[in-house]
Amino acid sequence: MKVQPICASCLLYRGVQELKRATSDKRVLQEGIRKIAELIAVRFSFDLPPAVLGTERDRLIKKITKNPDPYREEKKRANEAVLKILPKLFEYIESSNSKKDRFFKASYLAALGNFIEYDVLGYSFDEQLRDLFQRKVQLSIDDREKAFKIIEKLEGSTLIYLTDNAGEIVFDIPLLAVLREDLGVYVILSPKSAPILNDATVDDVYEVGADQYVDQVVGVGSDVVGLNLDEASPEFLQYWQRAEFVIAKGMGHFEMLTEYPPKPPVLHIMALKCEPVARAVGGAKGALAVCLRI
C-alpha cells in the first residue's frame with residue numbers, strides 16, 4: 001500500500017505526540033518537530049508505503065530524544081489492563097463446541113484488540129478499556145470462512161503470527177490457543193525485536209505469558225513498523241521461507257506486506273483506524289477487517 005496525501009499530516013501529528021511522550025525538554029521537542037518536518041519534506045513520496053516513513057520518523061525520534069522506548073509506560077499499562085480480562089476472552093470462545101466457531105470468535109477478538117493504539121490522527125483509544133470487550137463492532141471484511149478452510153488442512157505445518165501492539169497481544173492469546181490446540185499448526189509468534197511505537201516486543205510476549213500458547217517465539221529481528229523483509233533477521237527469514245500461512249496483525253503489516261506477493265497466504269486481522277487503509281481494504285473506517293490475501 002502506498003502513501004496517500006493525508007498520510008503527511010498523520011506522520012507529523014503522530015511524530016509530535018510521540019515526541020511529547022519521549023521528552024519534556026522544550027528545546028529537544030522543538031528540534032524534533034523541525035527534524036520530522038524536514039524528513040517528511042525530503043522523503044514523502046507516493047511510491048513509498050506509509051510504514052516506511054513511519055519507521056524512519058520513529059528512529060529519528062529515538063535518536064533525538066535519546067529515549068529508546070517512548071511508549072514504555074503505555075505498553076506496560078495496556079498489558080496489565082488486558083490481562084485482567086483474559087479469563088473473559090477464553091470464556092467467550094469456549095462457549096462454542098466446534099473448532100470452526102472457536103476460530104471465528106477468536107479471530108474476532110484478535111481484530112477487536114487492534115483498537116488498542118495511541119496517537120493516530122482522527123482516532124482515540126480509551127486506555128481503561130471501557131466497554132471494549134462488550135462492543136459489537138462490524139466486520140467490514142470477513143474472510144474467516146476462507147481462512148479456516150485453508151488452515152484446517154495445515155496440521156503440523158508452520159504458521160507465523162506477526163503481532164502488533166502491546167496489550168493487544170493478550171487479545172491474540174485465544175486465537176493462538178485455537179491455532180495450536182484445535183487446528184494443530186506449529187505456531188511461531190513473531191513480535192518486534194526492539195521497541196517501535198507501542199508495538200509488542202519479545203519482552204512483552206513473555207510479560208503477558210503469550211509464549212505459553214505457541215511453539216516458538218522468534219522476533220523479526222528489527223524495530224520496523226510492519227515487516228520489512230530486507231531488515232529481518234536470518235533466523236526469522238528461515239522460518240518465513242518455510243511457513244505455510246501467515247497471520248499479520250494491524251495496519252502497519254498491511255501497508256508493508258501488500259508490497260510483497262502473498263506467498264504464503266496472509267490473513268490480515270485489524271481494526272480500520274484510518275481512511276487510507278480502510279479504502280485500500282475495501283472496508284469502512286471504524287470497522288474490523290479479517291482479510292485474506294492469496
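Me: Happy to start with a cysteine: is Cys10 buried, partly exposed or exposed?
Reply: First, a word on the ground rules: this is a predicted model, where local features need pLDDT of at least 70, side-chain atom pairs count only at pLDDT 80 or more, and totals for chains, interfaces and linings use all residues. Residues are numbered from 1 along each chain as its sequence is written, and side-chain values use heavy atoms, with hydrogens and water left out. Buried means under 20% relative accessible area and exposed over 50%, with partly exposed in between (1.4 Å probe, protein chains only). Cys10 has a relative accessible area of 24%, so Cys10 is partly exposed.

Me: How many disulfides are there?
Reply: A disulfide here is a pair of cysteine sulfur atoms within 2.5 Å. By this rule, the count of disulfides is 0.
For Cys7, the nearest cysteine sulfur is 6.5 Å away, and it belongs to Cys274. Cys10 is in no disulfide either, with the sulfur of Cys274 as its nearest, at 6.6 Å.

Me: Where does Lys249 sit, and is it buried or exposed?
Reply: Lys249 belongs to strand S5, residues 245-249; helices (H or I, at least four residues) and strands (E, at least two) are DSSP runs, numbered from the N terminus. Because its relative accessibility is 0%, Lys249 counts as buried.

Me: Which side chain makes a polar contact with the side chain of Lys249?
Reply: A polar contact is a pair of N or O atoms within 3.5 Å; within protein, one must be able to donate a hydrogen and the other to accept it, and residues adjacent in sequence count only if both atoms are side-chain atoms. The Lys249 side chain reaches the backbone oxygen of Ala110 at 2.9 Å. Its side-chain partner, at 2.5 Å, is Asp172.

Me: Which residues touch the most other members of the largest nonpolar core?
Reply: A nonpolar core is a set of buried Ala, Val, Leu, Ile, Met, Phe, Trp, Tyr and Cys residues joined through side-chain atoms within 4.5 Å. The largest one has 70 residues, and the members touching the most others are Phe103 and Leu179.

Me: Which helix gives this core its largest share?
Reply: The core draws at least three residues from each of domain 1 (5-65) and domain 2 (74-293), with domain bounds from an automatic or database domain assignment. Its largest share, 9 residues, comes from helix H8 (residues 168-182).

Me: Which residues does Gly286 contact, leaving aside neighbours within four places in sequence?
Reply: Gly286 lies in the loop between helix H12 (275-281) and strand S7 (288-293). Contact means heavy atoms within 4.5 Å. With neighbours within four places left aside, the contacts of Gly286 are Phe115, Val137 and Leu272.
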